[in-house]
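Open the model in your viewer and keep the selection panel at hand.

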Amino acid sequence: MLVSDFHYDLSEELIAQRPPEVRGTSRMLTLDRRTGAYADHSFADLPTLLQPGDLIVLNDSRVIPARLFATRSGLTTQHNSPAPSGHIEVLLTQRLSSPEGHNDWSALVRPAKKVQPGETLHFADETLRATVLTTGDHGERTLRFAPVDDFHAILERIGHLPLPPYIHRDKSEPNTPEDRERYQTVYARKDPGAPGLASETWVEGSAAAPTAGLHFTPEVLEQLAHRGVEIAHITLHVGLGTFQPVRVECTEEIRLHAEPYSINAATAAAINRARREGRRIVAVGTTVTRTLEHIAREANSAEIQPHSGVTSLFLSPGLNDDFQLVSGLLTNFHLPQSTLLMLVSAFAGRENTLAAYAHAVAARYRFFSYGDCMLIT
C-alpha cells in the first residue's frame, strides 16, 4: 500500500496544545471494528464500556526529561575562539549498552550538520559534557557523556520533557509546570530499572509519552478494578521511531527502529490466563499493542514467559495484521500518514479507521498527544 493511502485532512486548530483542564475528562470515540459503527462518548465512560473479565494492559514507562540544549566546541568550531559556540538542541532517544560502562546515548541533534564526530557538547555551564562519537541519517548522533556522580539527577534538573513539535511552547519555557505533570501517566514507574530482569538492552525511560495512558486517573483505575476488569503492566520505552517521519512511498519499505521492552511474571501469567479463558485483552496505546503482538509472535503459540527484549514490529494493513493477542485498543488520534495510524488501520480496517477519523474531524475532537481518544473493540 502507499503511505498516501493513510492521509486525512486536519485543521491545525484541532491539534491540542494543552491537556484538558482536568485529567480524564477527554472525549472518546468508540469504534466497532467488525461493523465500522462509531459513537461519541467520554473517557469517563470507559469502565462501563469494558466487560468484567477483560484484561487491560498499560505501558508504565516513564518519560525522561530528554530534551537538552548545548553549546559546542571542537573540530569545526571557530579556531580563533577557545569558547564553546553555537546553540544545539539535543534529544536523547535511547541509552546504549556499553561493556566498558560508558554513558552512551543515541540522540537527535539540530542543526545536525554542525555537529560532527570529535566535537564536544557542553550542557548547562558544564554540568554535563558529551563527545560526539558517530553520525547517522536525519540528525542521528551517538553521544558519550563524561562521568558524573548522578547523571539522572542532573538530567531531571536541566532537561525538559520532549513534547512533540506540534505542541508549541515559548523557547524561554520549553515545558510549563502543567506539562511536567500532565505529559506523564499516573502509573509511570518511579524507578528507572527493571527489577529481576537483567538485560543489556535496558534503558532508563521513554523519549515520548505513551499518550493513550495520559487520560487515566487513580479513580478510573479503581472503577475498572471494581467492575472486574483485570489490570496489568508492560514496559516499552519509546525511542527514535516516534520522532522520525515516514520517508518512503510504500508501506512495505517502512522499517521501524527497535525499542526495548520488558514483561514481568505477573503480566505474563495474566495474559496466559486471559488467553486460555478466551477473555479480551485490551491494549492501552500503540506501544502496548506492538509489544504484545511481538511477544505473541516470539512465543509462537507457547505460553508467554517473563523477559526483556527489543521490538521493531511494524503493523499495517497487509503487513503483520493478524492480531494474536490484542482484541481491544484504546488509542489517541494520530498524525496523517504515520506508522501509528497504519497500526490502528491494521487493527480496525483502513476504511473503518478513516471514516471514524472523518467523523472526529467533523465533530471537532482534539487530536494527537494532548487530545481525545478512541476505544476500538
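The tour covers a predicted model, starting with its strands.

**The sheet.** Select the nine strands of the open sheet and colour them in the order β2-β1-β15-β14-β12-β3-β10-β11-β13. Their pairing is mixed. Now pick out β2 (38–42) and β13 (307–311): these are the edge strands, and because each has a single partner strand, one side of each has no neighbour in the sheet. Turn the view along the sheet to follow the twist, which averages 25 degrees from one strand to the next.

**A parallel pair.** Next, select residues 27–31 and 373–376, which are strands β1 and β15. The two run parallel and are joined by four bridges. Within this pair, show L31 on its own; which residue of β15 is its bridge partner? The partner is I376.

**The cavity.** Finally, select P19, P20, R182, L214 and H215, the lining residues that lie nearest the centre of the largest cavity. How many residues line this cavity? The lining comprises 13 residues, with seven polar, four nonpolar and two charged by class. The volume of the cavity is about 80 Å³. A search of the whole structure finds one cavity of 30 Å³ or more.

Methods:
Residues numbered from 1 in each chain as written. Predicted model: local features only at pLDDT ≥ 70, side-chain atom pairs only at ≥ 80, totals over all residues. Heavy atoms only, no water. 1 Å grid on protein atoms, 1.4 Å probe; cavity = no way out; pocket = protein on both sides within 12 Å on 5 of 7 lines; lining within 4 Å. Points joined across faces, edges and corners; volume = space filled by probe spheres on them. Nonpolar A, V, L, I, M, F, W, Y, C, P; charged D, E, K, R; others polar. Pairing = 2+ DSSP bridges. Axes fitted to C-alpha atoms, helices over the stretch in contact; angles between N-to-C directions.
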